[in-house]
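Hello,

Here is the structure I promised to pass on. Please open it first, then read my notes below.

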Amino acid sequence: MSLDEKDWQPSTAETTAELFEKAVQVHSRRLLAIARAIVGNRASPEDVVQQAFMNLYQHRDRYDWREPGGLLRRTVVNEALRLLRQPRPAALADESVGSDDDSGAVAGMIENETVTRVRRAIDRLPEHFRAALVLCEYENMPYAQIAETLGASVPQVKTWIHRGRRQLAEMLRPYVEGDAVVEGKRRAAEGKRS
Amino acid sequence: MGSESDLELLETYLDGELPVADAEGLWRRLAAEPELSAQLDQLRADRELRQMVWRSMEPAETSVRRVEAGVGARARRRDVFSALRTAAGVLTAAAACILFGFAMGWLGHENYPSNIPQPAASTGGGIPVVSTADTSRRPELRIEDGSGNVRAVQQFRTPQEEQEFMQDLSRWNQRQSQSQIPDNVVPVSEDLQ
C-alpha cells in the first residue's frame, strides 16, 4: 500500500531498513512521474526508479532516511539522465494518456488529445530542459534546489526553464493558432445562424 | 507577444522567484499595461496546461506496486548475496590460515632436532650405555678406562651404526667375560653435549 508523504511520520526507533522501505512506499509515485517526464518513451520509468533506489540501497547507511525526498529526486534525475546518455534503444510504446477511469467523454477526449500533444512536445525538448521544467512546475522546487539537483548554476537553470518554455510555445503554436481559427469559424457560423 | 525580458520577468514571477521589490514594480506595470497583463494570463494558461501534462505522467497504482515489489525483491537478494560473500571471505581467510600453519609445520618438522635421550641399553655386561640421539650431530661413544679417563671417542654416521656397534661391543664383552680376559673395555658413552 502506498503512503502519502504527508501521512508519514518517521519515528526514531525505526531501523534503516524500515525507513528505506517506507521511503519507497511514500515517494515512488512522484518519482515515477519525474522519471517519465525526463526519459519520455526512451526508457522505462519503472527501471529508472528501481535502479535509483538500488543505487542508494547499496550505501543506505550513509544517508538520513527520515527526510529522503531531495536525495531521492536527485538520484532519480541522475539515473534518468544517465540512461538517456546511453546508446538509444528503440522507443517504448507510447503510453495512452488518462487515468484508469477514463470516461471517454468528448471533452475528455479533446483534453486527452491536447495533453498528448503537449506531452509529445515535451518529449522533444532537450533532456536538461525537461528535467528543469518538471522539477520547477511539478515538484515546485526553487531554482537553487533545482540547480543543486542537476549539478548546475542558478542562472543556467533559469535559462533551461525559460528556453524550454519558449520551445514548447513554438512547437505548440500551430495547434494553438489552428484551434483559434477553428474557434473563430465556429463563432462566425453561430453568429450567422442567429 | 512581449519582449523576451518581459516574458522572463513574468515567468520568474509565476515561479515565485521574483524578489519582493521587483514584484511590486511588476504589479504597477500590470496595472498600467493591459498587454502585459494579457501576456501574464496567457502564461498562466500555458502553465495550467503543463500541470495537466505533469499530472498525466503520474503512474497507475499497478506501476507503483511493481516498483515497490521490485525494489523489495532486489534488496533482499542483495542482502543474501552480501551475507554469502562475507561468509565466503571468512571461510577463505580461515582456510588460508590453516593451510599456512600446516605448511609451516611441514617445512619445519624436518629441521627441528629431537633431544629426547634414548633409553639406556645394556651391553650384556650389566653396564649401562647411554647415547644421545642427536640428529643435528653425529652420535658418538666415549670409551673410558676404569679410572674414568677417556680412551677413545667413537663417532657414528647414523644412530643405526651406533646401535650395531653397541651390539658388537656387547657380544665382545660377553665373550671376554666367558674367556675371563681381565681387560674388559667398558664403554661409557654419554655425549651430553
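What pattern does chain B follow, read along the sequence? The answer is α-α-α-α-β-β-β-β-α. That comes to five helices and four strands. Helices (H or I, at least four residues) and strands (E, at least two) are DSSP runs, numbered from the N terminus.

Some ground rules. This is a predicted model, where local features need pLDDT of at least 70, side-chain atom pairs count only at pLDDT 80 or more, and totals for chains, interfaces and linings use all residues. Residues are numbered from 1 along each chain as its sequence is written, while chains are lettered from A and ligands numbered from 1 in the order in which they are written.

**Confidence**

pLDDT is the predictor's confidence in each residue, from 0 to 100. Chain A averages a pLDDT of 82, and 72% of its residues score at least 70. Chain B has a mean pLDDT of 80, with 77% of its residues at 70 or more. Over residues 119–126 of chain B, the pLDDT is below 50. That stretch has 17 contacts in the model beyond near neighbours in sequence. Chain A has a stretch under 50 too, at residues 96–103. There the model has nine contacts beyond four places in sequence. Where pLDDT is low, the predicted coordinates should not be read in detail. For the complex, the predictor gives an ipTM of 0.77 and a pTM of 0.65.

**Chain B in brief**

Chain B has 193 residues, and buried ones make up 12% of them. A residue is buried if 20 or more other C-beta atoms lie within 10 Å of its own, exposed if 12 or fewer, and partly exposed in between; the C-beta atoms are placed from the backbone. Take the contacts in chain B with a separation of 6 or more: 47% of them join residues 24 or more positions apart. Two residues are in contact if their C-beta atoms, placed from the backbone, lie within 7 Å.

**Where the chains meet**

Chain A gives 30 residues to the contact and chain B gives 27. On the chain A side, the elements that give two or more residues are α1 (16–39), α2 (45–57), α4 (106–123), α5 (127–137) and α7 (154–193). The largest share, eight residues, comes from α1(A). By class, this side of chain A has 18 nonpolar, five polar and seven charged residues. Here Ala, Val, Leu, Ile, Met, Phe, Trp, Tyr, Cys and Pro count as nonpolar, Asp, Glu, Lys and Arg as charged, and the others, Gly among them, as polar.

Look at Phe53(A), in helix α2 of chain A. Is Phe53(A) buried or exposed? It counts as buried, because it has 28 C-beta neighbours inside 10 Å. Leaving aside neighbours within four places in sequence, Phe53(A) is in contact with Val24(A) and Val71(B). Val24(A) is 29 residues away from Phe53(A) along the chain, yet their C-alpha atoms are separated by 7.7 Å.

**Around helix α5 of chain A**

Ten of the eleven residues of α5(A) are buried, so this helix is largely enclosed by the rest of the structure. Among the buried ones are Phe129(A), Leu133(A) and Glu137(A).

Two packed helices are described by the angle between their axes and the distance between the axes. Axes are lines fitted to C-alpha atoms, for helices over the stretch in contact, and angles run from 0 to 180 degrees between N-to-C directions.

Start with α1(A) and α5(A). Their axes come within 8 Å and cross at roughly 150°. That makes α1(A) roughly antiparallel to α5(A). Angles under 35 degrees count as roughly parallel, over 145 as roughly antiparallel, 65 to 115 as roughly perpendicular and the rest as oblique. The contact uses Ile34(A), Ala37(A) and Ile38(A) of α1(A), with Glu127(A), Arg130(A), Ala131(A) and Val134(A) of α5(A). By class, this contact has five nonpolar, no polar and two charged residues.

Next, α5(A) and α6(A), residues 143–150. These pack at about 140°, with axes 10 Å apart. That makes α5(A) oblique to α6(A). The contact of α5(A) with α6(A) has six nonpolar, two polar and no charged residues.

Last, find Asn140(A) in the loop between α5 and α6 of chain A. Asn140(A) has a positive phi of about 55°, although it is not a glycine. With 10 C-beta neighbours inside 10 Å, Asn140(A) counts as exposed.

Best wishes
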